[in-house]
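Hello,

Here is the structure I promised to pass on. My notes follow below it.

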Amino acid sequence: MPEFHFQTPLNEAQVRQLSVGDSVYLDGIVFGVRDANLIRIFDKNVAPPVNWLGAALIHTAPNVKKVGPGKYEPICVGTTTSMRMDRFTEALLRDHGVRAILGKGGLSQRSTELMRQYGACYLSVTGGAAAMETLQIEEIEAVYWEDLMPESIWQFRVKAFGPWTVGIDAKGRNLQDEVQSAAKTKMGELLAKMGVK
């Protein structure tokens, strides 16, 4: 599969060239988000403290070590299941110009349509890759809303962050749905061979 190396922030042209299954590596800034900070923004109508135009957001609540006022070192930065935060996709893309959401487990068909509409992508990683992800973080540059710890907004500086697999592209394809559909078809074929109805 093709391999892409991008510097954040991302633009629409970069994202629209990606296809499901491609590998992506990121350099630059990736923002860590999770339920609590997204709820504050969208349910409590509190503006985010950072500009997310062209941003890549990772679903995470990292394990960190505090080394000074507002200063942290990463211990373990892994992804969390994205579907819990699926309902925030539209506003992130439409209102804040987010170009990539990173996580695991996939997003809904509705989010797939939104990514096609707005020119965004979902980048997925296999569960258990936290050690690799953590080593690719050069620095935690800032943390916002420390009162929500560990579900604060994290500003990570990353280098060769990946590989991430394009799970949803801006063409309207969803890798997880395609794999599940193929598995269902294969299961039907196997059951038919065994004479099971």
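Contacts first. Among contacts in the protein with a separation of 6 or more, 66% join residues 24 or more positions apart. Contact means heavy atoms within 4.5 Å.

Please note that this is a predicted model: local features need pLDDT of at least 70, side-chain atom pairs count only at pLDDT 80 or more, and totals for chains, interfaces and linings use all residues. Numbering starts from 1 along each chain as its sequence is written, and side-chain values use heavy atoms, without hydrogens or water.

The protein has 6 helices and 9 strands. These are DSSP runs numbered from the N terminus (helices: H or I, at least four residues; strands: E, at least two). Of its 197 residues, 52% are buried, meaning under 20% relative accessible area with a 1.4 Å probe, protein chains only.

Now the helix pairs. Helix 3 (residues 89-96) takes part in a pair with helix 2 (residues 35-42). Their axes come within 11 Å and cross at roughly 60°. Axes are lines fitted to C-alpha atoms over the stretch in contact, and angles run from 0 to 180 degrees between N-to-C directions. Leu38, Ile41 and Phe42 of helix 2 meet Ala91, Leu92 and His96 of helix 3.

Helix 3 also packs with helix 4 (residues 109-118), at about 10° with axes 9 Å apart. So helix 3 is roughly parallel to helix 4. Helix 3 contributes Thr89, Glu90, Leu93 and Arg94; helix 4 contributes Arg110, Ser111, Leu114, Met115 and Tyr118.

Best regards

Methods:
Buried means under 20% relative accessible area, exposed over 50%, partly exposed in between (1.4 Å probe, protein chains only). Angles under 35 degrees count as roughly parallel, over 145 as roughly antiparallel, 65 to 115 as roughly perpendicular and the rest as oblique.
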